[in-house]
Amino acid sequence: MRLVLVLAVLSVGCVVVPQNRRGRLADRIMQLDEDPLESYRRSKLYSTREAAAGGDGVSAGGGCGCQ
Amino acid sequence: MKLVVALLSLSWMVMVSVVAADTLSGSGILDPGKPFRIDSVRLRYTFFDQSGRGYQSLAGAGARGPGSEQLSVSEPQVEVIAHQGSRITHRIWAPLDVVSAASPDAVDAISRASRYQEAGGIDVASTFKADRDNDVGTRFAIHLEENYRSWTMGLAWTRHMAEDNAVLQASVNQTFDWFDAYNLGGSNRGREARSTTNANVAFTQILSPTTVANLNYGFTLQTGELSNTWNTVPLVDGTHGTEVLPHLRTRHALVGRLVQGLPWNGSFKVSYRFYIDSWGAIGNTLELFLYQRITRWLYARATYRAHFQRGVDFYTQLALLGNAFRTADSDLADFSGQTAGGKLALELPLRRIRVLNVDLAYERYWRTNDLRVNVYSASVGTTF
């Protein structure tokens, strides 16, 4: 875990892609989170049906209280 | 019945949109002459159709279960994103859930919460651009159900580095829940409370003009009554008892994601997630997305997800009378689950509004311990 964090911090600035070459990244199909409403309905499906869901940017618990 | 629920949901969405538009208009957000502007409005409707059997349910069950987990959920959502001046962005989001048979086994002498639930909430997140490299954000949310109240507040910080090639994000959320608790006989045993504290750190790095990587760690601490209080557990003496869960749960989740553009106007996303908690649950989840642009304004997506879960230490299908903790909830058991689906999305450039977004999606989720869910979803939105 610590190694991953250290590598992540060290990687800052290792790759600098100039703004004029980032056009492709603006495409919706290149987004990490394509649609927040769709992400919510997916996380709702899993966090209310799987003990090992939630906790990664989405508050675990709330809603139906079935976890 | 499904049609009525769909119509009710639709009317609710329209009502919220009108109220939101009216409120924003009153504050000047809809007036282009003022420094307020709506960036986008989006509506999504999702219908979950679930079937299967679980030991926490008595519906149609024999003496020792399992009972039916049949239910459907109708879920409309509306989202408005608006700018206030050049430095403040607001996201106003209102989800609604209409659940049939949330837990059909429950003995609802007082409440009907386990048979039919309407849950709604509103979530307002605001981001302030403090300077070129730093954003700070706040979040306030309320969630209401028949027998349940929830309040969430959060703080977030984002640091943009290396000409925006790297982004570090940190957030903290606190949720308080209050709800009615019931004995197996259906009598109300008063109010219970639950606290959820959630902290997240995320790091995103552009690796090339067509590659982005993201790492996210989340920690969640839950205390209080963590059961819904109406799940049942088959006991060795042939009777049923209530679910008993520890009043403390710590949860850790680590997620790595990668987006890679493909030369034929498509892209590929892969995500791996590891989860572990203090109740003994361990999860490994792999998710794959394949996108293909068919035209400039139309794309298709295929999705596959595999989830492998080790259940909590105290899961049982037949509990001893002296067990300190016990649950027969099939969601907390050992199982593997898979999801497969597809989506078709339209992004139509129009004259008056910049883009009209419409999409249709279907997914099927199935598990090794007898649960299946069909998910139908549709969305319409505009970007101004």
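Which residue takes a positive phi in the hairpin of S7(B) and S8(B)? The tour gets there after a stop at the interface.

This is a predicted model, in which local features need pLDDT of at least 70, side-chain atom pairs count only at pLDDT 80 or more, and totals for chains, interfaces and linings use all residues. Residues are numbered from 1 along each chain as its sequence is written, and chains are lettered from A and ligands numbered from 1 in the order in which they are written.

Show both chains. 38 residues of chain A are in contact with 74 residues of chain B (C-beta atoms, placed from the backbone, within 7 Å). Helices (H or I, at least four residues) and strands (E, at least two) are DSSP runs, numbered from the N terminus. H2(A) gives the largest share of that side, six residues.

Move to chain B and select 148-161 and 166-182. These strands, S7 and S8, run antiparallel and are joined by 14 bridges; strands pair if DSSP finds at least two bridges between them. B:Trp151 stands opposite B:Phe176 in S8(B). Now pick B:Ala162: in this hairpin, with four residues between the strands, B:Ala162 has the positive phi, near 50°.

Finish at B:Gly186, in the turn of the S8(B)-S9(B) hairpin, where five residues lie between the strands and phi is positive, about 100°.

Definitions and conventions. Two residues are in contact if their C-beta atoms, placed from the backbone, lie within 7 Å.
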